[in-house]
Amino acid sequence: MNILETRGLTKLYGSGETQVRALDGIDLTVERGEFVAVVGSSGSGKSTFLNMVGGLDVPTSGEVIVDQKRLQDLTDDELTVFRRRKIGFVFQQYNLIPMLTVWENIILPLKMDGRRVDEAYLREITGILGLEERLDRIPGQLSGGQQQRVAIARALAIKPALLLADEPTGNLDSRTSQDVLGLLKITGRKFDQTVVMITHNEEIAQLADRIVRIEDGRLVKGGES
């Protein structure tokens, strides 16, 4: 089953001679459980693409379908709830709350949504990510790689239909990057999680099941699963 579909996805900025076509008719399908890396040069449109499929921005034309739900059909309030429950985000900046413990950061999205915390599930995730001995620490007591693992655990906590990772290793050294991405792949396989990762790092991209390349707003490689 397809978890993500984009059809004719287009995003324009500006008008007239200054108009920029950030995305130019992107057609892409991603199946449940796939780990897809989206690569491209700086300014290629890959981050714009992530914002579209994550419901963080609105396309000029075309459509985005996540877990069989067309995002353009949702009101702003419905989209906020859908994003909170169905889409997990991992960013280059870890975005952890500095005064909360690791465990409190991980369960924060669930608390904000009034949902029950599945402790057994989260203990399994934190065990795989090597965080079980650090749950009572605060982010400032962790290395960059450990903080990114916390961000991954937080994204997985909601059991999202789709996990989006935007340059998740951008602030990490090469060895730590490999470790973190390896763990992201392991958790994806373990929990049948669908992952779409934006990266400029071709070596990191090789860890994915499929590589999609965007250049000048157009899909030039890997559109079909």
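Me: How much space lies in the largest pocket?
Reply: About 400 Å³ of space lies there in this predicted model. It has 15 lining residues, and the closest to its centre are Arg 84, Ile 87, Phe 89, Pro 109 and Arg 154.

Me: OK, and which elements give two or more residues to that lining?
Reply: Those are helix 2 (76–86), strand 6 (87–91), helix 3 (102–112) and helix 5 (144–157). Strand 6 has the largest share, with four residues.

Me: What's the lining of the largest pocket like by class?
Reply: There are nine nonpolar residues, along with three polar and three charged ones.

Me: What about the second largest pocket, which residues line that?
Reply: Among them are Met 52, Leu 56, Asp 57, Pro 59, Leu 71, Gln 72 and Asp 76. The space in the second largest pocket is about 170 Å³, and its lining divides into eight nonpolar, two polar and two charged residues.

Me: Switching to helix 6, how far apart are its end C-alpha atoms?
Reply: They are 24 Å apart. That agrees with what you'd expect, because 17 residues (174–190) at 1.5 Å a residue should span 24 Å.

Me: Which residues of helix 6 are buried?
Reply: Ser 177, Val 180, Leu 181, Leu 183, Leu 184, Thr 187 and Gly 188 are. They cover an arc of only 155° around the axis, so they sit on the same side of helix 6.

Me: Why would residues a few places apart point the same way?
Reply: An α-helix has 3.6 residues a turn, so those three or four places apart point the same way.

Me: And which exposed residues are on the face turned away from the buried side of helix 6?
Reply: That face carries Ser 174, Arg 175 and Arg 189.

Me: Last topic, in what sense do strand 9 and strand 10 pair?
Reply: Strand 9 (residues 210–215) and strand 10 (residues 218–221) pair in the antiparallel sense, over three bridges. Arg 213 has Lys 221 in strand 10 as its bridge partner.

Me: And how many residues lie between the strands of that hairpin?
Reply: Two, and Asp 216 in this hairpin takes a positive phi near 50°.

Terms used:
Residues are numbered from 1 along each chain as its sequence is written. This is a predicted model: local features need pLDDT of at least 70, side-chain atom pairs count only at pLDDT 80 or more; totals for chains, interfaces and linings use all residues. Side-chain values use heavy atoms; hydrogens and water are left out. Two strands pair if DSSP finds at least two bridges between them. On a 1 Å grid over the protein atoms alone, a cavity is a set of points where a 1.4 Å probe fits but cannot get out, and a pocket is an open set with protein on both sides within 12 Å along at least five of seven lines; lining residues have an atom within 4 Å of a point. Grid points are joined across faces, edges and corners, and a volume is the space filled by probe spheres set on the points. Ala, Val, Leu, Ile, Met, Phe, Trp, Tyr, Cys and Pro count as nonpolar, Asp, Glu, Lys and Arg as charged, and the others, Gly among them, as polar. The expected span of a helix is 1.5 Å times one less than its number of residues. Buried means under 20% relative accessible area, exposed over 50%, partly exposed in between (1.4 Å probe, protein chains only). The arc is that of the directions from the helix axis to the C-beta atoms.
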